[in-house]
Amino acid sequence: MRLSKINIGNLFLITAVLMLVLGLSFGLLAAFIYLYPEFLKNELGFISLRPLHVSSAMFWIILGATGCVYSGLKGVANQITNFKIAIAQWILWVIAIIGIFISYFAHQFGGREYWEFNPIWALPIALAWILFLVNFYTQVIQVRKWPVYMWMWLTGLVFFFFTFTENYLWLFPYFREHIVTDMTIQWKVNGSLVGAWNQMLYGTAFYLMDKISGSKKVGKNNLAFAMYFLGLFNLMFNWGHHIYTLPTEKYIRYVGYIVSMTEWVFFAKIIYTWKASVNTIQKHYHYFPYKFLMAADIWVFINMGQAILMSIPTINVYTHGTHVTVAHAMGTTIGINTMILFAACFEFLIPNMYKDIKPSKHLNLIFWLLQISLLFFWLSLNVAGIKKGIWQLSPQQVSYSKMMQSLQPYFIVFVVAGLGLFIAFSALSIKLLRNASKSIINS
Amino acid sequence: MKLKARHTFFILSTLFLLYSFSIYLKPLTINDTRYDKVTAANGRLVWQKYNCQSCHQLFGLGGYLGPDLTNMMSQNGKGETLLRAMVKTGTKQMPTFNLSENELHELMEFLKSADVSGKADPRAFKKTNFGMIENYEVK
């Protein structure tokens with residue numbers, strides 16, 4: 001088979017969907033530990049299940065974003081993808097993923113939170129990213145008048161590479177010897193990495209809106225560029241809001257606080273354009289991939305509201321270290337990133353399928369099961385977090401284990417809602433994977 | 001639009017790099033003698049090797065299954081003896097870890113470095129200007 005027959009974007013998207021299915025499975029198993037503490041304790045335990053879940057979920061987002069950029073580039077770049085480079089990039093990812101999963105199963109760690117694998121496996125990922133940068137550069141260099149989503153993709157690609165490298169500064173004892181600076185850099189990295197893949201995904205959302213609406217206005221208006229630069233500014237400087245309670249330099253915390261408050265502009269923009277958004281929803285609601293963009297918009301509103309409030313230090317001190325933070329992380333990962341990725345997956349993997357035919361009742365039911373499960377999932381974590389926050393600040397604390405026991409009812413809702421998410425996402429993934437072989441090979 | 005976007009991107013990226021390097025250079029100005037920095041730096045690797053961060057937090061950052069360990073070293077009724085025992089015997093949820101004596105020593109030094117760096121207890125913070133918080137018990 002000739003390499004040029006392979007649809008590179010879809011190859012990455014299918015790989016990403018497989019990662020999602022794995023991530024959901026590991027996540028569900030890990031969630032059971034909250035109810036049954038000794039569940040799989042000696043086989044895998046939380047120390048393996050958590051990284052297995054988190055890494056799979058992150059690879060779903062990163063590989064999905066990669067697939068979206070490749071698929072999007074086909075529509076805007078005048079140079080075609082270098083297939084050899086793209087396939088080499090994919091193979092490097094597969095090598096890294098296999099190595100990382102085997103090491104997690106064997107309880108071999110060595111990395112940091114969210115990147116718990118031995119740093120050796122970061123090498124194929126970094127190399128794959130360099131290949132991605134080369135492919136992106138050669139495809140876009142001659143494009144004139146970039147729409148905003150191309151700037152967003154470029155930003156995501158460059159900043160992911162920079163922060164991913166920065167993520168391994170701890171290998172040098174110089175950075176590790178002072179815990180506060182070390183943790184400052186660790187959370188600088190975590191904040192900016194999320195910002196980097198958000199740029200790639202929000203860029204994809206802009207691209208899809210241009211494509212679905214058939215207009216080129218979305219990606220080229222001044223407001224879109226203003227919002228992009230505000231997003232970039234936040235990616236670079238707002239991460240200090242993660243570490244208000246870390247005794248790091250004052251200026252880092254103040255910069256994080258002040259920059260985070262500029263996110264009110266995004267919030268105001270959402271409210272200001274609410275009516276127009278409702279009109280757009282009504283216009284495109286029948287189109288199945290669009291439903292996910294609509295859902296992402298609503299979850300942006302909810303999560304951004306929460307994020308801005310959590311970025312105010314006097315509120316943050318109540319929520320920091322509690323499940324409110326988990327609710328926010330899950331809310332954005334599932335509610336925003338995953339919704340955009342599903343819009344892209346249905347658009348790119350099953351093109352035109354829903355252009356003229358309404359999605360089946362079954363498919364709509366799954367969509368709503370997903371949204372309702374996510375709402376309960378998010379609420380249960382928030383309530384558990386608020387209860388933990390009250391415990392953290394109470395003068396007479398009961399023991400940690402007693403406090404955790406008192407959160408059991410919320411964890412039950414969390415697990416049941418997680419099961420709902422698992423069922424809905426699995427059904428959607430099966431729908432996408434059924435088409436896998438057709439969508440990877442160009443006819 | 002393209003030219004303006006390019007300039008803005010360049011200016012912001014330069015500011016970001018300057019900000020990043022100002023943070024990278026911080027350790028040059030710090031000389032804390034309350035712990036052995038080489039041992040503590042190795043202890044950080046032990047913390048990662050056994051994936052302690054999966055369940056435990058430092059300064060409220062990390063996992064949510066177990067308690068925050070930032071100031072466990074200096075807490076009444078806890079301290080190094082208890083921490084050592086917990087690592088060796090495990091708990092209902094926590095498996096038993098077979099750390100060598102050297103690894104255990106390095107891990108304890110790392111936790112000591114966390115403990116002397118500041119207080120993680122949210123009750124130790126007070127409100128200051130513009131909604132910012134300060135830890136009034138930082139050592």
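N51(B) is buried, as 26 other C-beta atoms lie within 10 Å (a residue is buried if 20 or more other C-beta atoms lie within 10 Å of its own, exposed if 12 or fewer, and partly exposed in between, with C-beta atoms placed from the backbone). The structure is a predicted model, in which local features need pLDDT of at least 70 and side-chain atom pairs count only at pLDDT 80 or more, whereas totals for chains, interfaces and linings use all residues. Residues are numbered from 1 along each chain as its sequence is written, and chains are lettered from A and ligands numbered from 1 in the order in which they are written.

N51(B) occupies the loop between α2 (37-49) and β1 (57-58) of chain B; helices (H or I, at least four residues) and strands (E, at least two) are DSSP runs numbered from the N terminus. Although not a glycine, N51(B) has a positive phi of about 50°. Most residues other than glycine have a negative phi. A positive phi, near 80°, also occurs at Y114(A), in the loop between α3 (83-105) and α4 (122-140) of chain A. Y114(A) counts as partly exposed because it has 19 C-beta neighbours inside 10 Å.

Between the chains, 56 residues of chain A are in contact with 50 residues of chain B, contact requiring C-beta atoms, placed from the backbone, within 7 Å. Several helices of chain A each supply at least two residues of the side that touches chain B, among them α2 (45-76), α7 (179-213), α14 (323-349) and α15 (361-393). The most is given by α7(A), with eight residues. By residue class, this side of chain A comprises 32 nonpolar, 13 polar and eleven charged residues, where Ala, Val, Leu, Ile, Met, Phe, Trp, Tyr, Cys and Pro count as nonpolar, Asp, Glu, Lys and Arg as charged, and the others, Gly among them, as polar.

Notes. Two residues are in contact if their C-beta atoms, placed from the backbone, lie within 7 Å.
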